[in-house]
Amino acid sequence: MKLQSLRRQYELLSMIEQETITDYFNQIQLVTNTMRACDEAMADSKIMEKVLRTLTPNYDNIIVAIEESKDLENMTMEEL
């Protein structure tokens, strides 16, 4: 039941305008680490895609630059 709740929380995560990237990233890390502790397999590339997909429009130009210049499959969370 807890894992199902965490999955739902993960799906609904989205950055709000007043939130910093660091705070948002930490929030996603907290949820995903808890899911992994419950034996949920989550690839870092999927988490990075989630982060890039749910950032505010202010970061659209940065997102495009990252997606075109980097291979998300080989990028680490720290590099993102």
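Q: What radius of gyration would a compact globule of 80 residues have, and what value does the protein chain have?
A: This is a predicted model. With 80 residues, a compact globule would have a radius of gyration near 12 Å; the protein chain has 13 Å, so the two agree. Taken along the principal axes, the C-alpha atoms fill a box of roughly 40 × 30 × 15 Å.

Q: Which level of confidence does the protein chain have, and where is confidence lowest and highest?
A: Where pLDDT is low, the predicted coordinates should not be read in detail. Here the protein chain averages a pLDDT of 88, and 100% of the residues score at least 70. Confidence is lowest in helix H4 (residues 60–69), with a mean of 85, and highest in H2, with 92.

Q: How many helices and strands are there in the protein chain?
A: The protein chain contains four helices and zero strands. Read along the sequence, the pattern is α-α-α-α.

Q: How do the axes of helix H2 and helix H3 cross?
A: Two packed helices are described by the angle between their axes and the distance between the axes. The axes of H2 (residues 21–37) and H3 (residues 44–54) come within 11 Å and cross at roughly 145°. This crossing of H2 and H3 is right-handed. On the H2 side, the contact is made by Tyr24, Phe25, Ile28, Gln29, Thr32 and Arg36; on the H3 side, by Asp44, Ile47, Lys50, Val51 and Thr54. Sorted by class, the contact of H2 with H3 has five nonpolar, three polar and three charged residues.

Q: Which residues of H3 are buried, and what do they pack against?
A: The buried residues in H3 are Ser45, Ile47, Met48, Lys50, Val51, Leu52 and Thr54. The buried residues of H3 pack against helix H1 (2–12), H2 and H4.

Q: Is lysine 50 buried or exposed?
A: A residue counts as buried when its relative accessible area is under 20%. Lysine 50, which lies in helix H3, has 3% relative accessibility and therefore counts as buried. Leaving aside neighbours within four places in sequence, lysine 50 is in contact with Tyr10, Glu11, Leu13, Tyr24 and Ile28. One of these pairs shows how sequence and space may be read together: lysine 50 and leucine 13 are 37 residues apart in sequence, and their C-alpha atoms are 8.9 Å apart in space.

Q: Why does threonine 32 count as buried, and which residues is threonine 32 in contact with?
A: Threonine 32 belongs to helix H2. Threonine 32 counts as buried because its relative accessibility is 0%. Apart from neighbours within four places in sequence, threonine 32 is in contact with Tyr10, Met42 and Ile47.

Q: What is the phi of aspartate 39?
A: Most residues other than glycine have a negative phi. Aspartate 39 has a phi near 70°, a positive value in a residue other than glycine. Aspartate 39 is located in the loop between H2 and H3.

Q: Is aspartate 39 buried or exposed?
A: The cut-off for an exposed residue is over 50% relative accessible area. Aspartate 39 has 73% relative accessibility and so counts as exposed.

Methods. Residues are numbered from 1 along each chain as its sequence is written. This is a predicted model: local features need pLDDT of at least 70, side-chain atom pairs count only at pLDDT 80 or more; totals for chains, interfaces and linings use all residues. Side-chain values use heavy atoms; hydrogens and water are left out. Axes are lines fitted to C-alpha atoms, for helices over the stretch in contact, and angles run from 0 to 180 degrees between N-to-C directions. Helices (H or I, at least four residues) and strands (E, at least two) are DSSP runs, numbered from the N terminus. A crossing is left-handed if the near helix is turned anticlockwise from the far one by less than a right angle, and right-handed if clockwise. Contact means heavy atoms within 4.5 Å. Ala, Val, Leu, Ile, Met, Phe, Trp, Tyr, Cys and Pro count as nonpolar, Asp, Glu, Lys and Arg as charged, and the others, Gly among them, as polar. pLDDT is the predictor's confidence in each residue, from 0 to 100. Buried means under 20% relative accessible area, exposed over 50%, partly exposed in between (1.4 Å probe, protein chains only). The radius of gyration is taken over C-alpha atoms; the globule rule is 2.2 Å times the number of residues to the power 0.38.
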